[in-house]
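Here is a short briefing to read alongside the sequence and the model. Take a look at both, then follow the points below.

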Amino acid sequence: MLSLITKDHEQVELLLNVLIEQLAELESEQQGVNFKLMDDIVNYLRNYIDRYHHPKEDLIYSYYLEHYVEDADMPNRLASEHQSLNFLSRELSHSLNMIQLDSVMSFDTLAVQLRGFVDKQRAHIQYETNVVMPLMAEKFTPDDWCHIEHLWKNGDLQDAQTIAVFNDAYKQLTQRIVTAGFIGEEKEDICLV
Ligand SMILES: [Fe+2]
Ligand SMILES: [Fe+2]
């Protein structure tokens, strides 16, 4: 499970890097800004993360809280960050839609939202990579992982058709990103879940 989460994070980072390059364009000459590509990246991130990535992490973390933490009122930072990231991605997606519809929306406002979104996503991934995942790796026994895998595989999110759609969408997105010249080559291993 941790390797699946790490793989997700690598893919999210790649897409965030493209958004940062677009942000640099937005803040300079604006010649190379591709709003449609940005919109598709944000939508992909939003949908995939909400549908598969955060549920995986929430499952693992809930298991941890249930089995390893005695204080039932301990704040769940992971869950609250997931909620705020969800809000930011919806807000950014809305702004990108507005801009493409030529509605009143300043580039400066969009740039601030974009920067906030990328910074929060990156800080969140750092927290998970440096704090949450090492903690799980240290505390969980092989039996714990076995239970978690079982819960995940038998959960209602394991819909092969939807997973294939996400894999395909990611592949197409990275191809467009390569074509647009943002990354040199597409990663071969793109199985997401
Ligand atoms: Fe997360
Ligand atoms: Fe994550």
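Glu81 is partly exposed, with 18 other C-beta atoms within 10 Å. By the cut-offs used here, a residue with 20 or more other C-beta atoms within 10 Å of its own is buried, one with 12 or fewer is exposed, and one in between is partly exposed, with C-beta atoms placed from the backbone. Glu81 is found in helix H3. From Glu81 to Lys120 there are 39 residues in sequence and 8.7 Å in space, C-alpha to C-alpha.

**How to read the model**

- This is a predicted model, in which local features need a pLDDT of at least 70 and side-chain atom pairs count only at pLDDT 80 or more, while totals for chains, interfaces and linings use all residues.
- Residues are numbered from 1 along each chain as its sequence is written, and chains are lettered from A and ligands numbered from 1 in the order in which they are written.
- The average pLDDT (the predictor's confidence in each residue, from 0 to 100) is 87 for the protein, and 92% of the residues score at least 70.
- Confidence is highest in H4, at a mean of 93, and lowest in H6, at 87.
- Over residues 189–193 the pLDDT is below 50, and this stretch has 13 contacts in the model beyond near neighbours in sequence. A contact here means two residues whose C-beta atoms, placed from the backbone, lie within 7 Å.
- Where pLDDT is low, the predicted coordinates should not be read in detail.

**Overall fold**

- The protein has 6 helices and 0 strands. These are DSSP runs numbered from the N terminus: helices are H or I with at least four residues, and strands are E with at least two.
- The radius of gyration is 18 Å, close to the 16 Å that the globule rule gives for 193 residues, so the protein is as compact as a globular protein of that length. The radius is taken over C-alpha atoms, and the rule is 2.2 Å times the number of residues to the power 0.38.
- Along its principal axes, the C-alpha trace spans about 55 × 35 × 25 Å.
- Of the 193 residues, 21% count as buried.

**Nonpolar cores**

- The largest nonpolar core has 20 residues, and those with the most contacts inside it are Leu19, Ile41, Val42, Leu92 and Leu114. Such a core is a set of buried Ala, Val, Leu, Ile, Met, Phe, Trp, Tyr and Cys residues joined through C-beta atoms within 7 Å.
- At least two residues of this core come from each of H1 (2–27), H2 (35–68), H3 (77–100), H4 (107–139) and H6 (160–179).
- Leaving aside neighbours within four places in sequence, Leu19 is in contact with Met38, Ile41, Leu114 and Val118.
- A second, separate core of 6 residues includes Tyr61, Leu78, Phe140 and Ile148.

- H6 has 20 residues and reaches 29 Å from its first C-alpha to its last, close to the 28 Å expected at 1.5 Å a residue. The expected span is 1.5 Å times one less than the number of residues.
- Tyr170, Leu173, Thr174 and Ile177 are buried in H6. Seen down the helix axis, the buried residues of H6 fall within an arc of 95°, so they line one face of the helix; the arc is that of the directions from the axis to the C-beta atoms.
- The buried residues of H6 pack against H1 and H2.
- On the face of H6 turned away from its buried side, the exposed residues include Gln161, Asp168 and Gln172.
- Gly181 follows H6 and has a positive phi, near 85°.
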